[in-house]
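Visitor: I have just opened this structure and would like a guided tour. Could you take me through it?

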Amino acid sequence: MLLRHRLLIALAPLAAALPAPAAPAAAAEPRVEINTSMGRIVVRLAPARAPITVKNFLRYVSEGFYTDTVFHRVIPGFMIQGGGFDEKLREKPTHEPIPLEARGGLRNDRYTIAMARTSYPHSATSQFYINVADNDFLNADQAQDGNGYCVFGEVVDGTDVVEKIAAVRTGRRAGMSDVPVETVKILSAKVL
C-alpha cells in the first residue's frame, strides 16, 4: 500500500503537466459535405446557436433527402437556394416545419448557410440557402417582418464552388424565376 501511495505521488506532477483531452469537435460542430455537379461544399454547423435547425438539417442529410435535389434559385450577389426540388422542379415531400431560431446570434453573412422559409416565420422544412454576400436585411434585428431567417452554420470549404453556382445563367422555368438554365444538382450530402 505504501508503494502504491508513493507511485501516485510521483506520477501526480506528470499528470498535472499533461493537457486535458479535447472534446471531439465533430460532436460539437458537425460538418456536412454537400457534393454538387459543380464541386464540393463543406459546411460547419452551429448546434449551440440553432439546435432545432441543425437537428432538422441533419435529419434530412441522414435520410439521403438531398440526393438528386437541385439549386433551384440562384441570384448573383445575394444567395443560392436548394434542397427542396428535384431536377424537374417537382417539390419533394418534407417533414413538418420547424420553429424559427433567427435570434441565435448568427448573422446572414457571406458564406453562411440558413433556412429558407415562406412569409410565415415557422415554416422552414428542408430548403436552405447559402449567402454570397452580407445580407443584413435577412437578420432578425433588421428584417422588415421582424423575424428574419435562421443561420445555422458556415461554409468552411468550397467557397469557390458557391461562387461558381452563384455565377450560372438563370431564367424562368416551371413558373419560377432565377432557375439555373443548366441544372445544378446536389449529388449527395453526408456528415463528415
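This is a predicted model: local features need pLDDT of at least 70, side-chain atom pairs count only at pLDDT 80 or more; totals for chains, interfaces and linings use all residues.

Visitor: How many helices and strands does the protein have?

Guide: There are 4 helices and 10 strands. Read along the sequence, they follow the pattern α-α-β-β-α-β-β-β-β-β-α-β-β-β.

Visitor: And what share of the residues is buried?

Guide: Of the 192 residues in the protein, 43% are buried. Among the contacts with a separation of 6 or more, 68% are between residues 24 or more positions apart.

Visitor: Let us take the strands. Which strands pair with strand 7?

Guide: Strand 2, residues 39-45, pairs with strand 7, residues 151-157, in the antiparallel sense over 4 bridges. Within that pairing, valine 42 stands opposite aspartate 157. Strand 5, residues 112-115, also pairs with strand 7 in the antiparallel sense, over 3 bridges. There, isoleucine 113 stands opposite glycine 153.

Visitor: Now helix 3. What should its span be, and what is the distance between its ends?

Guide: Helix 3 covers residues 51-62, and at 1.5 Å a residue its 12 residues should span 16 Å. The end C-alpha atoms are 16 Å apart, which agrees.

Visitor: Which of its residues are buried?

Guide: The buried residues of helix 3 are Thr53, Val54, Asn56, Phe57, Tyr60 and Val61. Seen down the helix axis, they fall within an arc of 160°, so they line one face of the helix. On the other side, Lys55 and Ser62 are exposed.

Visitor: Why would residues on one face be spaced like that?

Guide: An α-helix has 3.6 residues a turn, so residues three or four places apart point the same way.

Visitor: What does the buried face pack against?

Guide: The buried residues of helix 3 pack against strand 1, strand 2, strand 5, strand 6, strand 7 and strand 10. Strand 1 is residues 31-36 and strand 10 is residues 185-191.

Visitor: What comes just after the helix?

Guide: Just after helix 3, glycine 64 takes a positive phi of about 75°.

Visitor: A change of topic: how many aromatic pairs are there?

Guide: A search of the whole structure finds 10 aromatic pairs. In one of them, the rings of phenylalanine 71 and phenylalanine 128 have their centres 6.0 Å apart and their planes at 90°, so the pair is edge-to-face. Phenylalanine 71 lies in strand 3, residues 69-75, and phenylalanine 128 in strand 6, residues 128-131, so the pair ties together parts that are 57 residues apart in sequence.

Visitor: Are those two phenylalanines buried or exposed?

Guide: Phenylalanine 71 is buried, with a relative accessible area of 2%. Phenylalanine 128 is buried too, at 1% relative accessibility.

Visitor: What about the pair of tyrosine 129 and tyrosine 149?

Guide: The rings of tyrosine 129 and tyrosine 149 have their centres 6.2 Å apart and their planes at 75°, so this pair is edge-to-face. The pair links distant parts of the chain, 20 residues apart: tyrosine 129 is in strand 6, and tyrosine 149 is in the loop between strand 6 and strand 7. Tyrosine 129 is buried, at 3% relative accessible area, whereas tyrosine 149 is partly exposed, at 23%.

Visitor: Which residues form an aromatic cluster?

Guide: Phe57, Tyr60, Phe65, Tyr66, Phe71, Phe128 and Phe152 form one aromatic cluster.

Visitor: And which charged residues lie over the face of a ring?

Guide: Lysine 92 lies over the face of phenylalanine 65, at 4.3 Å from the ring centre. Arginine 117 lies over the face of tyrosine 149, at 4.1 Å from the ring centre.

Visitor: One last stop: where is proline 121, and what does it touch?

Guide: Proline 121 is in the loop between strand 5 and strand 6. Proline 121 is buried, with a relative accessible area of 16%. Not counting residues up to four places away in sequence, proline 121 touches Leu100 and Asn147. The C-alpha atoms of proline 121 and leucine 100 are separated by 6.0 Å, although the two are 21 residues apart along the chain.

How values were computed. Residues are numbered from 1 along each chain as its sequence is written. Side-chain values use heavy atoms; hydrogens and water are left out. Two strands pair if DSSP finds at least two bridges between them. Helices (H or I, at least four residues) and strands (E, at least two) are DSSP runs, numbered from the N terminus. Rings of Phe, Tyr and Trp (its six-membered ring) pair if their centres lie within 6.5 Å; planes under 30 degrees apart count as stacked, over 60 as edge-to-face and the rest as tilted. Buried means under 20% relative accessible area, exposed over 50%, partly exposed in between (1.4 Å probe, protein chains only). A charge sits over a ring if NZ of Lys or CZ of Arg is within 6 Å of the ring centre and within 35 degrees of the ring normal. The expected span of a helix is 1.5 Å times one less than its number of residues. The arc is that of the directions from the helix axis to the C-beta atoms. Contact means heavy atoms within 4.5 Å.
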